[in-house]
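Good morning, and thank you for coming. Please look at the sequence and the structure as I speak.

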Amino acid sequence: MTTQTSLTIGRIAQSAGVAIDTIRFYEREGLLPEPRRRPSGYREYDASAVSRLRFIRRAKDLGFTLEEIRELLALSADRHVGVEGVRERAAARLKAIDDRIAELQRVRDGLAELVEACPGHGAPEDCPILNALAEPNP
């Protein structure tokens with residue numbers, strides 16, 4: 001017998017803004033608990049699954065890996081050191097993002113120099129962009 005709060009996989013996928021295959025993947029990865037099954041074999045979820053899926057999706061949007069999300073979920077249930085642990089992981093993710101931005105800025109600056117140096121016409125062997133890409137050691 002199903003209750004009024006029982007939701008199908010399609011319904012929670014729509015509510016959480018994820019694909020059905022994503023839900024199945026998260027179940028296999030242990031990020032989402034295995035749902036109850038109806039006698040017909042269909043999955044049966046409660047409203048907490050939608051909240052958990054939204055949490056996972058938002059954490060992914062912020063750049064957290066699945067392993068980091070698993071840790072965040074575990075920490076969210078820890079009333080003693082959970083918030084401290086979450087902050088530490090978020091600070092580490094922020095540093096990784098800052099490092100990546102710095103690297104991308106370096107790459108951007110180098111490419112901007114090459115674009116500026118390239119006249120956009122002439123022989124390919126005179127193109128600074130092509131020459132830079134063909135260098136054995138950048």
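Predicted model: local features only at pLDDT ≥ 70, side-chain atom pairs only at ≥ 80, totals over all residues.

The secondary structure of this chain consists of six helices and two strands. Here helices (H or I, at least four residues) and strands (E, at least two) are DSSP runs, numbered from the N terminus. Read from the N terminus, the order of the elements is α-α-β-β-α-α-α-α. With a radius of gyration of 24 Å, well over the 14 Å that the globule rule gives for 138 residues, the chain is more spread out than a compact globule. That radius is taken over C-alpha atoms, and the globule rule is 2.2 Å times the number of residues to the power 0.38.

Residues are numbered from 1 along each chain as its sequence is written, and side-chain values use heavy atoms, with hydrogens and water left out.

Let us continue with the chain as a whole. Along its principal axes, the C-alpha trace spans about 75 × 40 × 25 Å. The chain is divided into domain 1 (1-62) and domain 2 (78-138), with bounds that come from an automatic or database domain assignment. The centres of the two domains, taken over C-alpha atoms, are 37 Å apart.

How much of the chain counts as buried? The share is 22% of the 138 residues, where buried means under 20% relative accessible area, exposed over 50%, and partly exposed in between (1.4 Å probe, protein chains only). The chain exposes about 10000 Å², and carbon and sulfur atoms supply 55% of that area. Such areas come from the Shrake-Rupley method with a 1.4 Å probe; for residues, only the protein chains shown count as cover. As for contacts, meaning heavy atoms within 4.5 Å, residues 24 or more positions apart account for 46% of those with a separation of 6 or more.

I now turn to individual residues, starting with Ser 6. Ser 6 lies in the segment before helix 1 (9-16) and is buried, at a relative accessible area of 12%. Which side chains does the side chain of Ser 6 meet in polar contacts? One is that of Arg 38, at 3.3 Å, and another is that of Glu 44, at 3.4 Å. A polar contact is a pair of N or O atoms within 3.5 Å; within protein, one must be able to donate a hydrogen and the other to accept it, and residues adjacent in sequence count only if both atoms are side-chain atoms. Not counting residues up to four places away in sequence, Ser 6 touches Arg 38, Glu 44 and Tyr 45.

Arg 43 is found in strand 2 (residues 43-44). Its relative accessible area is 19%, so Arg 43 counts as buried. The side chain of Arg 43 makes a polar contact of 2.9 Å with that of Glu 27, and another of 3.5 Å with that of Tyr 45. Beyond four places in sequence, the residues that Arg 43 touches include Leu 7, Thr 8, Ile 9 and Pro 35.

Next comes Tyr 26, which belongs to helix 2 (residues 20-29). Tyr 26 is buried, with a relative accessible area of 5%, whereas Phe 25 is partly exposed at 31%. The chain has one aromatic pair. The ring centres of Phe 25 and Tyr 26 are 6.0 Å apart and the planes stand at 50°, so this pair is tilted. By definition, rings of Phe, Tyr and Trp (its six-membered ring) pair if their centres lie within 6.5 Å; planes under 30 degrees apart count as stacked, over 60 as edge-to-face and the rest as tilted.

Tyr 26 also has contacts beyond four places in sequence, among them Leu 53, Ile 56 and Leu 66. Tyr 26 and Leu 66 are 40 residues apart along the chain, and their C-alpha atoms are separated by 9.0 Å.

Finally, consider Ala 47 in helix 3 (residues 47-61). Ala 47 is partly exposed, at 47% relative accessibility, and is in contact with Thr 5 and Leu 7 when neighbours within four places in sequence are left aside. From Ala 47 to Gly 110 there are 63 residues in sequence and 50 Å in space, C-alpha to C-alpha.
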